[in-house]
Amino acid sequence: MAVQGLEMRFEGYNIILNECVNRKALRQGQRVHAHMIKTHYLPPVFLRTRLIILYCKCGCLVSARYVFDEMPERNVVSWTAMISGYSQRGFSLEGLNLFVQMLRSGEEPNEFTFATILPSCIGDFGLKCGRQIHSLIIKSNYNSHIFVGSSLLDMYAKGGKIFEAQTIFDGLTERDVVSCTAMISGYAQLGFDEEAVNLYRKLLREGMTSNYVTYSSLLTSLSGLAALGLGKQVHNHIIRRQVPSYVVLQNSMIDMYAKCGNLIYARRVFDSIPERTVISWNAMLVGYSKHGMGSHVVDLFNLMRKEGKVRPNRVTFLAILSGCSHGGMEDHGLELFNEMVEQKDRVKPDIDHYGCVVDLLGRSGQLNQALDFIRKMPFEPTPAIWGSLLGACRVHANVDVGEFVGRKLLESEPENAGNYVILSNLYSRAGKWDEARTLRELMNEKVVIKEPGRSWIELDQTLHTFYANDRTHPRKDEVHAKVKELAIRLKEAGYEPDLSCVLHDVDDEQKERILLGHSEKLALAFGILCTPEGVALRVIKNLRICVDCHNFAKVISKLYRREVSMRDKSRFHHVEGGVCSCKDYW
């Protein structure tokens with residue numbers, strides 16, 4: 001280029017710019033651009049577009065936009081290149097504004113333009129724009145194009161509109177790994193775990209190939225279902241297929257094994273990662289925390305600090321504080337929080353970290369100190385923080401603080417049935433039957449509807465789901481008969497139903513029948529019915545496990561000599577020999 005000087009023409013510039021783009025060689029690309037300016041060479045649209053692509057790839061959006069604005073004429077590729085630069089770097093609003101300018105200029109977008117602009121349609125405003133762009137796509141007859149369809153369904157899925165995404169997916173005339181993965185990922189992100197797994201199975205039968213993103217999304221759904229058997233099967237499939245060990249995939253494996261209750265496998269995957277990210281550390285820390293293994297959380301965090309390769313973030317400290325709380329290490333947790341306040345690791349505590357401290361204080365029985373801490377917080381307390389303290393009041397039978405906190409919650413969350421249940425339990429245990437009755441009347445008056453309880457258990461890689469008082473399972477009669485049989489045998493061993501867990505104003509006999517219909521008991525009964533003696537039982541619950549079901553599981557563990565593992569929405573309960581890892585605090 002320096003030798004040819006003024007003789008440099010299109011072919012020479014094109015060859016050099018292509019090399020710069022392929023290698024992301026910004027400095028060399030800038031020299032080519034400077035040479036054009038110095039020699040007064042007027043590059044055609046193609047070369048100017050290559051410059052835009054180079055600058056966008058190297059993250060120099062200001063330089064890219066300068067080249068774009070200086071273009072005397074543009075084509076659809078030029079517009080698409082600049083829009084793509086904004087979209088890929090997260091400048092959604094700039095990308096949308098430029099797309100509008102493109103339409104006003106009279107330039108017709110093509111399939112690549114549409115596929116590029118749709119990822120910028122995020123948030124409520126973005127989704128509104130996305131719907132308008134979708135209309136334009138239909139008018140332009142690009143709605144069945146695979147690139148456009150994949151971007152459309154991804155946009156709707158990320159916007160929480162999974163049924164619209166499914167409609168787009170069903171309408172695609174051809175599908176590739178990108179569109180299939182986008183649909184599976186959409187289900188997984190929105191918690192439609194069974195749908196994600198079923199779709200994967202269907203697409204696998206149709207011959208779909210999977211990549212590491214597909215497997216990562218699938219593992220996320222299996223984590224939600226706590227389907228350990230299926231998770232192991234997918235792990236084996238990944239090994240047989242020799243899928244590259246991308247760290248995002250390994251992080252998903254750690255999360256899957258931890259949420260399925262197998263921390264040994266989770267730690268093996270963690271230890272095998274050559275270059276761990278903060279997400280890797282957090283996944284393992286959260287896993288230990290959810291299982292109440294406070295000492296393991298602290299040891300792993302000390303290792304993280306010792307290695308010094310990765311800086312902890314807010315999630316790291318949430319995991320440690322929660323682990324200290326669940327593991328009964330209150331002093332260590334408070335010490336760590338004080339280090340955060342002093343900015344030792346340059347992570348400033350936020351409302352969630354303050355909430356963990358409230359849980360720490362409440363768990364140790366320091367309820368008045370927890371209340372003072374809430375009042376002195378630099379944040380307005382959330383319902384979650386008040387709920388944590390109310391739970392502590394139930395465990396420690398502190399009616400005075402519990403009543404104050406309960407009233408706060410009923411004002412801020414009048415529709416949350418869980419608050420009524422805990423406060424009613426507190427009143428009942430203190431013998432305040434009139435207050436408990438008034439609370440039940442208030443609940444009926446406000447028409448509070450409790451989210452249906454759902455539990456599931458995995459047997460032979462098949463998930464069996466049970467709802468409260470379930471009558472839909474194929475073996476429902478056997479299951480209900482088994483529950484009644486268990487109740488009789490457990491009562492002989494000392495089990496007494498905790499009737500305070502029932503808010504309905506009915507007689508004690510009816511309350512006991514309601515308790516026997518809880519989904520956790522149905523799942524446990526089915527597990528005992530279908531597995532040999534001594535086999536561990538693993539049950540997952542979508543809500544917080546009630547006190548009575550917790551006691552029921554403890555007696556089953558002791559009487560039938562079985563290890564019982566139950567995962568609710570907040571933590572794991574490992575019950576062995578009648579003793580739970582949560583120490584009856586959750």
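1. The side chain of Ser 325 makes a polar contact with the side chain of Asp 359, at 2.4 Å. A polar contact here is a pair of N or O atoms within 3.5 Å; within protein, one must be able to donate a hydrogen and the other to accept it, and residues adjacent in sequence count only if both atoms are side-chain atoms. This is a predicted model, in which local features need pLDDT of at least 70, side-chain atom pairs count only at pLDDT 80 or more, and totals for chains, interfaces and linings use all residues. Residues are numbered from 1 along each chain as its sequence is written, and side-chain values use heavy atoms, with hydrogens and water left out.

2. Ser 325 belongs to helix α19, residues 314-326. Helices (H or I, at least four residues) and strands (E, at least two) are DSSP runs, numbered from the N terminus. Ser 325 counts as buried because its relative accessibility is 1%; buried means under 20% relative accessible area, exposed over 50%, and partly exposed in between, with a 1.4 Å probe and protein chains only. Leaving aside residues up to four places away in sequence, Ser 325 touches Asp 359, Leu 360 and Arg 363, where contact means heavy atoms within 4.5 Å.

3. Six strands form an open sheet with mixed pairing, in the order β2-β1-β3-β4-β5-β6. The edges are β2 (462-467) and β6 (579-580); each has a single partner strand, so one side of each is left without a neighbour in the sheet. Two strands pair if DSSP finds at least two bridges between them. Strands β3 (residues 537-541) and β4 (residues 564-567) run parallel and are joined by four bridges. Within this pairing, Ile 540 has Arg 567 of β4 as its bridge partner.

4. Asn 141, in the loop between α8 (123-139) and α9 (146-158), has a positive phi near 65 degrees though it is not glycine. Asn 141 counts as exposed, at 62% relative accessibility. Asp 460, also not a glycine, has a positive phi of about 55 degrees; Asp 460 lies in the loop between β1 (454-459) and β2. With 78% relative accessibility, Asp 460 counts as exposed.

5. Which residues of helix α4 are buried? In α4 (residues 61-70) they are Leu 61, Ala 64, Val 67 and Phe 68. These residues cover an arc of only 120 degrees around the axis, which puts them on the same side of α4; the arc is that of the directions from the helix axis to the C-beta atoms. An α-helix has 3.6 residues a turn, so residues three or four places apart point the same way. Val 62 and Tyr 66 are exposed on the other side of α4. The cover over the buried residues of α4 includes α2 (26-38), α3 (45-57), α5 (76-88) and α6 (92-105).

6. The structure holds 20 aromatic pairs. Tyr 187 and Phe 192 form an edge-to-face pair, 6.2 Å centre to centre with 65 degrees between the planes. Rings of Phe, Tyr and Trp (its six-membered ring) pair if their centres lie within 6.5 Å; planes under 30 degrees apart count as stacked, over 60 as edge-to-face and the rest as tilted. Tyr 187 is buried at 11% relative accessibility, whereas Phe 192 is partly exposed at 27%. One aromatic cluster is formed by Phe 337, Tyr 354, Phe 373 and Phe 379.
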